[in-house]
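Please open the structure in your viewer and prepare to select residues one after another.

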Amino acid sequence: MAATLSVQLTYFNNSNSPQDAWHKHVKTARTNRNSRIVNKQKVSKFGSLNRTQLNTVKALVEPEPSTRSLTRVLCNVVDSGCMENALYLFEKMIQLDTYIRNTYIWNVMIRGCTNNGLFREAVDFYCRMGFEGVRGDNFTYPFVIKSCTGLLSLMEGQKVHAKLFKIGLDLDVYVCNSLIVMYAKMGYIEFAERVFQEMPVRDLVSWNSMISGYVASGDGCSSLMCFYEMQALGMKPDRFSMISALGACSLEYRLHCGKEIHCQVLKCGFELDVMVQTSIIDMYGKCGRMDYAERFFDRISPRNVVAWNAMIGGYALSSRFLESLAFLRKMQDGDKLNPDIITMINLLPSCAQLQALLEGKSVHGYAIRKGFLPHPVLETALVDMYGECGKLDMAERVYGQMTEKNLISWNAMLAAYVQNGWNNKALVLFQDIWHQPFKPDAFTFASILPAYSESASLQEGKQIHGFIMKSELGTNTFILNSIVYMYAKCGDIGAAREVFDHMLHRDVISWNTIIMAYAIHGFGRFSVQLFSEMKEKGFKPNESTFVSLLSSCSISGMVEEGWEYYNSMKRDYSIDPGIEHYGCMLDLIGRTGNLELAKIFIDEISLFPTARIWGSLLTASRNNQNIELAELSARHILSLEHDNTGCYVLLSNMYAEAGRWEDVERLKCLMIKEGLEKTKGCSVVEINSRTCRFVNNDRSHAETNLIYDVLDIIMRKIGEDIFVHSLTKFRPLDLRKNRANSPQKHSVRLAISFGLISTTIGSPILVRKNTRICEDCHIVAKKISEITRREIIVGDSKVFHHFRDGHCSCRDYW
DNA sequence: ATAGGGTTAG
């Protein structure tokens, strides 16, 4: 017998080493299936064999194999995890008639691959088994199905499932339980339910698989229903049931339910089980009860990393970021445990929220030293942290180096750009969607829409709107709210209203948004009207509602109503005014010209005045030509935001108007010293479906001559009064000295002029610009609207000016 | 001589 085997092994010369054997197997299996060719990375997981290992295997196979059971040897090799050796042995074995039809050894190989994460290879084995004419049995399928689960390949899984009916294993309890888990983990919970429904006999594992399956698909309620139904049928839950049910409570924030299960755990004596313990901590943390979590955590011993991680994550979730970071120390010093990848992932959001860049960086450094990177989840958390801390270059670097980008990491990078005002970069990244294998979700749109609001054209805004409506998110309230705002910011208040009117479910934010939309367009009457409607429909106004409403009153100059709402806010809704509300009221007071009151108002604010508050006073001073107060405001602003360019420009303009050229010069030097540059003014006009961009003095446009000619004709028609007005403000000396900045050639005028000649008569002209419109251009725009009888809409960095028949919606205060 | 269900994560 020994001789026979030797001979046969000698003749089997196609695979001389375990590595060869592996390659040969993969090739056979894949060629047969017309599937992809060898995945080199996967194969290399086996590692290469050194001579000693090789000899061990040969020794196992060659001397007197008949005296030992070869099968037993194969099992041992598989259990040791060295699949390459196992394959070598396996290939030798199936050369023998005794083994070729032995389902058992095939099962052992499939089991080995599955348990070592070699899912593709496990499925390959299963397929090859079919080609060799060996039938799979009730032991084969649970392994194969588990591998399909690991591959997350529905197609592969369904092929296997179909086969089960043919061979009559479709009702086997073990096989069905595996199928339930497979479908649930792939996100096809209905398929899992169907398998469960059709089982003639269900055991504890079947129930547990459903309970955990529902949790995996995010449906905690069904999971808990399953958990209770099982008990109603007389089935006693075990630790697996408890762990999954606790997960369901976490998912649904069901504290009461969670406590009940905690009691059950104690009654059943599972409280010493480490995983049960962790699940309990996690449940209390997710339900926002860190006090319960702490009490439980303090009592358990020994504590492992997972329990610590659950605590760190729980604190972060409860916005107790400092404690979250402190627990890292305690974990290292107290329990002498080393943080793992999940610890890092849990810590980073705390660093981000605390803007703790130093801590964030040290987490990054630790991750690198420990070799945790690349890791898609950790990298995403890093992108997020750097984004929150304003370190866009680092966020970009981490994102750029990611080997496995996915929807979530992509969303994180988008959000980082948008949060930091890098809208154009965000829009470019978003366009990348067409090259990505994943499709955008609610988070993507929620992130990108503000970028569209700030930087995109109305035309592009319409495109993204259409795109969203075609996706399954067309009725998502959260996203529709952003679309309403986007339309308003892109200048089309009508479209904003239409989207709002067609929403199926409006929430408070929807109302706040539409009220704000009318506010920035200076249509205060509509805001007020909508506020009443909102109350009639039973919505309770919140802080933001009043920010919208008070902004609207201020922008539209509805002073009395503004005060009335301000008082009613405290009186009728017990909302204490926040800094934003004070800002709106300051704008309102500024509009009346009562600067004394404005100063008193600031003094009486109980909160620390922000740059925005002083900005309101600066605007008020400017509109009331009070240079001293403007200087005071500017000092405050610059002490808070040294790089506030707008503040310099505004003050400089005031000096210029007053003819204080030395001060203008002084500010200019100061700006240079601070390394600041005046924002380059630019205006964009939308013509049919394209946009044209103009800077001051622009002569780059193809129709430049025509544009300037039209502007010239208009200016002459507008007449002397404007010219005189300009002269009083800009002295001839300055006009000569500083021709480039002459309002005559400001970008807004060029844009309006081009709009006039490129659009059909009667349609409004929409211009958006990045800085506040200057006083001269404002006067000119009013006049143009009068003589051309065209509506001109100019959206500047703060509000939209609707010029019509010689008047502006802002009533000359902005 | 082989089987199925479980904890922390963007």
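Begin by selecting Arg622, which is buried because its relative accessible area is 18%, below the 20% cut-off. This is a predicted model.

Glu775 counts as partly exposed, at 24% relative accessibility.

Next, select Glu631, Arg660, Asp663 and Arg666, which are joined into one network by salt bridges that share partners.

Proceed to Lys489 and Glu454, whose salt bridge has its closest N and O atoms 3.9 Å apart. Lys489 lies in helix 30 (residues 477-489) and Glu454 in helix 28 (residues 442-455), so the pair ties together parts 35 residues apart in sequence. Lys489 is buried at 13% relative accessible area, whereas Glu454 is partly exposed at 44%.

Now select Asp572 and Arg571, a salt bridge with its closest N and O atoms 3.1 Å apart. Here Asp572 is partly exposed at 46%, and Arg571 is exposed at 53%. The count of salt bridges comes to 31.

Finally, select Phe601 in helix 37 (residues 595-604). Is Phe601 buried or exposed? With a relative accessible area of 10%, Phe601 is buried. Display its contacts, among them Trp563, Tyr566 and Tyr582.

Note on methods:
Residues are numbered from 1 along each chain as its sequence is written. Chains are lettered from A and ligands numbered from 1 in the order in which they are written. This is a predicted model: local features need pLDDT of at least 70, side-chain atom pairs count only at pLDDT 80 or more; totals for chains, interfaces and linings use all residues. Side-chain values use heavy atoms; hydrogens and water are left out. Helices (H or I, at least four residues) and strands (E, at least two) are DSSP runs, numbered from the N terminus. Buried means under 20% relative accessible area, exposed over 50%, partly exposed in between (1.4 Å probe, protein chains only). Contact means heavy atoms within 4.5 Å. A salt bridge is a side-chain nitrogen of Lys or Arg within 4 Å of a carboxyl oxygen of Asp or Glu. Lists of a residue's contacts leave out its neighbours within four places in sequence.
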